Amino acid sequence: MAGRLEGKVAIITGGGSGLGRASAVRFAAEGAMVCAADLSLEGAAETVHAIETAGGKAIAFQIDTTDEAANDEMVRRTVEAFGGVDVLLAGAGIGSARPGAPPIPFPVLNTPADAFRRVIDVNLYGVLFSDRAAGRWMVANRRPGSIINIASVAAYVALPGGAYSVSKAGVHMLTKVLAQELAPAGIRVNAIGPGFIETPMTAMLREDEARRAWVLGMTPLGRFGRPEEVASTALFLASDESSYYTGELLLPSGGIFHG
Ligand code: NAP
């Protein structure tokens with residue numbers, strides 16, 4: 001049976017770890033050719049190794065997504081390797097700055113401006129630049145496609161360390177605006193708002209008993225999610241099964257109440 005992404009080409013930023021890696025592996029298993037792009041070339045190469053070992057096709061690309069020209073180069077390199085781009089999953093991201101011990105985020109009143117700005121730079125401008133690079137190529141080449149941004153349930157919920165929630169609310173609105181602009185070109189733009197998932201980003205949370213209890217207390221399913229559970233949502237949005245979705249934020253969050 002053909003995979004759900006047979007013959008498609010997908011770029012995944014943050015593809016060297018966590019949710020990006022799980023999605024890269026899942027997309028490749030469904031027949032996609034994948035560009036795993038990450039700040040960490042080593043991480044991206046490990047993802048490529050996992051895909052190739054399973055018989056799939058992938059390339060690794062080192063990128064700092066806050067560099068707009070580097071995003072254009074990522075698209076150019078992917079087109080050179082695989083002939084086009086059908087899917088972008090913009091998953092590169094960072095958490096709010098955490099000073100001292102225990103490592104809890106700064107409150108907004110005390111966040112150094114540089115630390116606040118860095119979160120917005122990576123989580124919002126990085127996504128904007130990746131979306132624009134892929135979107136411009138798709139429009140110029142009349143290629144319909146699917147752009148998926150990884151936001152967070154924090155787009156709705158004001159979590160401690162305000163920079164993160166602010167950045168993710170921005171990604172949510174960016175997704176809706178781009179969905180409007182790109183719909184005439186047949187390009188769908190959606191977002192995913194995961195709850196708390198077992199990745200390196202949440203390692204500190206999961207290791208601290210009190211903070212773990214805080215997370216589980218707000219998560220009706222009573223556990224952290226697995227990266228593969230977010231990859232399933234990404235696969236749905238990447239594939240034609242979501243052909244009538246655009247501008248949406250889907251929430252694999254274990255039922256976190258967001259008002
Ligand atoms: P992760 O395991 O830390 O993966 C994030 C990856 O992005 C890392 O490989 C990181 O590289 C890379 N990265 C960071 N800054 C970058 C930049 N400027 N350019 C390119 N790559 C960069 O975290 P994750 O949990 O998979 O997070 C993926 C996305 O999901 C993020 O946007 C995150 O905000 C979002 N999210 C995660 C959760 C969760 O519970 N895990 C929940 C909601 C949303 P380095 O490690 O080298 O920095």
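Predicted model: local features only at pLDDT ≥ 70, side-chain atom pairs only at ≥ 80, totals over all residues.

Trainee: Fine. In what order do the strands of the sheet come?

Mentor: Seven strands make an open sheet, ordered S3-S2-S1-S4-S5-S6-S7, with parallel pairing. S3 (57–62) and S7 (249–250) are at the edges with a single partner strand each, so one side of each has no neighbour in the sheet.

Trainee: How many bridges join S1 to S2?

Mentor: Five, and the two strands run parallel. As one example, Ala 10 has Val 34 in S2 as its bridge partner.

Trainee: What about helices on the sheet, where does H1 lie?

Mentor: H1 lies across S1, S2, S4 and S5, and its direction is at about 170 degrees to S1. Helix H5 (residues 162–182) also packs on the sheet, where it touches S5, S6 (187–192) and S7. The angle between H5 and S6 is about 165 degrees.

Trainee: Staying with H1, what span should its twelve residues have?

Mentor: At 1.5 Å a residue, residues 18–29 should span 16 Å. The end C-alpha atoms are 17 Å apart, which agrees.

Trainee: Which residues of H1 are buried?

Mentor: Leu 19, Gly 20, Ala 22, Ser 23, Ala 24, Phe 27 and Ala 28. Their cover includes strands S1, S2, S4 and S5, along with helices H2 (41–53) and H8 (227–238). Just after H1, Gly 31 has a positive phi of about 105 degrees.

Trainee: Changing topic, how many salt bridges are there in the whole structure?

Mentor: The search finds 13. One of them joins Glu 46 to Arg 21, with the closest N and O atoms 3.3 Å apart. Glu 46 belongs to helix H2 and Arg 21 to helix H1, so this pair ties together parts 25 residues apart in sequence.

Trainee: And how exposed is Glu 46?

Mentor: Glu 46 is partly exposed, at 43% relative accessible area. Arg 21 is partly exposed too, at 24%.

Trainee: What does Glu 68 form a salt bridge with?

Mentor: Arg 136, with 3.5 Å between the closest N and O atoms. Glu 68 is in helix H3 (residues 68–82) and Arg 136 in helix H4 (residues 113–140), so the parts tied together are 68 residues apart in sequence.

Trainee: Where do Arg 117 and Asp 114 lie?

Mentor: Both are in helix H4, three residues apart, about one turn of the helix.

Trainee: Which residues are linked in a network of salt bridges?

Mentor: Arg 4, Arg 26, Glu 30 and Glu 241.

Trainee: Last topic: how many aromatic pairs does the structure hold?

Mentor: Three. In one of these, the rings of Phe 196 and Trp 214 have centres 5.9 Å apart and planes at 70 degrees, so the pair is edge-to-face. Phe 196 is in the loop between S6 and helix H6 (203–207), and Trp 214 is in helix H7 (residues 209–217), so the pair ties together parts 18 residues apart in sequence.

Trainee: Is Phe 196 buried or exposed?

Mentor: Phe 196 is buried, with a relative accessible area of 12%. Trp 214, at 37%, is partly exposed.

Key
Residues numbered from 1 in each chain as written. Heavy atoms only, no water. Helix = DSSP H or I, 4+ residues; strand = E, 2+ residues; numbered from the N terminus. Expected span 1.5 Å × (residues − 1). Buried < 20%, exposed > 50% of the residue type's maximum accessible area, 1.4 Å probe, protein only. Contact = heavy atoms within 4.5 Å. Salt bridge = Lys/Arg side-chain N within 4 Å of Asp/Glu carboxyl O. Pairing = 2+ DSSP bridges. Axes fitted to C-alpha atoms, helices over the stretch in contact; angles between N-to-C directions. Phe/Tyr/Trp six-rings, centres within 6.5 Å; stacked < 30°, edge-to-face > 60°.
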